[in-house]
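The sequence and the structure are shown first, and the description follows.

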Amino acid sequence: MTLESPARRRATTALLEASSLACSFGGVRAVVDVSFFVQPATITGLIGPNGAGKSTVIDLISGRTRPSAGRVRFAGEDITASKPYEVARRGLIRTFQKANVFNRLTVVENLLMGSPEWEGERVSRALGPRAWWRRGEDERVSRAYEVMRRFELEHLANHYAGSLSGGQKRLVELMRAMMAGPKLLLLDEPMAGVNPTLALSICERLEELRDEGMTMLMVEHELRLVERLCDPIVVMAHGSVLAEGSMAELQANEQVVDAYLGD
Ligand SMILES: Nc1ncnc2c1ncn2[C@@H]1O[C@H](COP(=O)(O)OP(=O)(O)OP(=O)(O)O)[C@@H](O)[C@H]1O
Ligand SMILES: [Mg+2]
């Protein structure tokens with residue numbers, strides 16, 4: 001019997017595998033030879049100083065930016081350089097560093113826009129008299145309310161997203177991502193600009209989702225939240241992966257402390 005190496009085993013069980021990803025903007029090498037795994041039912045952290053290349057890695061995985069080298073495997077399939085909508089259709093859903101909501105739509109309408117195979121023009125009809133609903137639409141509206149209840153924001157259902165606070169907009173974005181029933185959620189600083197109470201509430205929701213088996217890759221600067229939520233944590237600096245491990249392991253790594261944790 002041949003024993004499988006730990007590295008081979010990690011590759012077999014991973015939901016996502018980024019291998020040797022690279023990307024430059026003009027002369028700037030934003031991402032250089034980045035490799036890591038995301039295992040199922042984890043919240044894998046992606047941390048590092050400003051400009052380290054974290055958002056670019058999220059863009060490369062989600063199909064927003066095409067890598068100049070390297071591969072992305074998701075759920076056993078090569079999705080390198082797939083279009084964002086193709087990636088989303090496979091269940092790989094992302095949020096953005098700058099909250100990206102439809103200000104002129106209500107919260108429930110924003111959520112419906114995140115529903116898979118949803119045709120945008122049907123949103124207003126779905127929320128109109130029930131007689132107009134098509135098969136499946138009531139299900140999606142119910143799902144939107146279920147998601148809002150979970151995030152304790154049902155009372156905001158009919159508020160325009162544009163009238164919400166920055167933190168509430170982040171929650172709307174997160175709830176919209178949930179509408180697609182993601183297999184993997186890529187979160188780019190979901191707690192940025194969110195007041196501490198709301199951040200804690202987001203934190204608890206993410207823990208619940210992880211405990212229910214959802215997988216996340218999360219970029220975050222607030223290290224206390226990273227420590228609480230993320231294991232393992234991938235540390236980037238200057239476009240490369242500097243280290244990977246639990247927060248305790250990273251805190252014992254002098255290079256990581258010098259590059260980031262010691263700030
Ligand atoms: N579209 C772009 N055009 C040119 N340069 C870019 C572009 N996107 C990113 N960069 C550059 O690539 C590098 C990595 O940027 P990136 O946004 O990925 O960093 P980050 O780790 O997400 O930083 P932050 O913590 O500030 O969000 C930076 O030097 C940035 O200026
Ligand atoms: Mg960023």
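## A pair of helices

Within what distance do the axes of helix α7 and α8 come, and at roughly what angle do they cross? The model discussed here is a predicted one. In it, the axes of α7, which covers residues 166-179, and α8 come within 10 Å and cross at roughly 15 degrees. Because angles under 35 degrees count as roughly parallel, α7 is described as roughly parallel to α8. The crossing of the two helices is left-handed.

The contact involves G167, Q168, L171, L174 and M178 on the side of α7, and these residues meet L198, I202, L206 and L209 of α8. Sorted by class, the contact of α7 with α8 has seven nonpolar residues, two polar ones and no charged residues.

## An arginine in helix α8

Helix α8 also holds R205. Is R205 buried or exposed? The relative accessibility of R205 is 8%, and since buried means under 20%, R205 counts as buried. Leaving aside residues up to four places away in sequence, R205 touches R150 and F151.

## The six-stranded sheet

One open sheet consists of six strands in the order β6-β7-β8-β3-β9-β10, and its pairing is mixed. At its edges lie β6 (residues 92-94) and β10 (residues 240-245), each of which pairs on one side only. On average, and with direction ignored, neighbouring strands of this sheet are turned by 20 degrees against each other. Strand β7, residues 184-188, runs parallel to β6 and is joined to β6 by three bridges. Within this pairing, I93 has L185 in β7 as its bridge partner.

Which strands does helix α8 lie across? Helix α8, formed by residues 196-211, lies across β3 (43-47), β7 and β8 (215-219), and its direction is at about 145 degrees to β8. Helix α11, residues 254-261, packs on the sheet as well, where it touches β3, β9 (233-237) and β10. The direction of α11 makes about 120 degrees with that of β10.

## The four-stranded sheet

A further open sheet has four strands, ordered β2-β1-β4-β5, with antiparallel pairing. The edge strands here are β2, spanning 28-38, and β5, spanning 77-78; each of them pairs on one side only. Strand β4 (residues 69-74) pairs with β5 in the antiparallel sense over two bridges. In β5, D78 is the residue that stands opposite R73.

## Backbone features in the loops

Most residues other than glycine have a negative phi, and most peptide bonds are trans. Several places in this model depart from that pattern. Where does A75 lie? A75 belongs to the loop between β4 and β5. Its phi is near 50 degrees, a positive value in a residue other than glycine. With a relative accessible area of 43%, A75 is partly exposed.

E152 likewise has a positive phi, near 55 degrees, and is a residue other than glycine. The position of E152 is in the loop between α6 (137-150) and α7. Its relative accessibility is 56%, and because exposed means over 50%, E152 counts as exposed. A cis peptide bond runs from D231 to P232, with omega near 5 degrees. P232 is found in the loop that lies between α9 (223-229) and β9.

How values were computed
Residues are numbered from 1 along each chain as its sequence is written. Chains are lettered from A and ligands numbered from 1 in the order in which they are written. This is a predicted model: local features need pLDDT of at least 70, side-chain atom pairs count only at pLDDT 80 or more; totals for chains, interfaces and linings use all residues. Side-chain values use heavy atoms; hydrogens and water are left out. Two strands pair if DSSP finds at least two bridges between them. Axes are lines fitted to C-alpha atoms, for helices over the stretch in contact, and angles run from 0 to 180 degrees between N-to-C directions. Contact means heavy atoms within 4.5 Å. Angles under 35 degrees count as roughly parallel, over 145 as roughly antiparallel, 65 to 115 as roughly perpendicular and the rest as oblique. A crossing is left-handed if the near helix is turned anticlockwise from the far one by less than a right angle, and right-handed if clockwise. Ala, Val, Leu, Ile, Met, Phe, Trp, Tyr, Cys and Pro count as nonpolar, Asp, Glu, Lys and Arg as charged, and the others, Gly among them, as polar. Buried means under 20% relative accessible area, exposed over 50%, partly exposed in between (1.4 Å probe, protein chains only).
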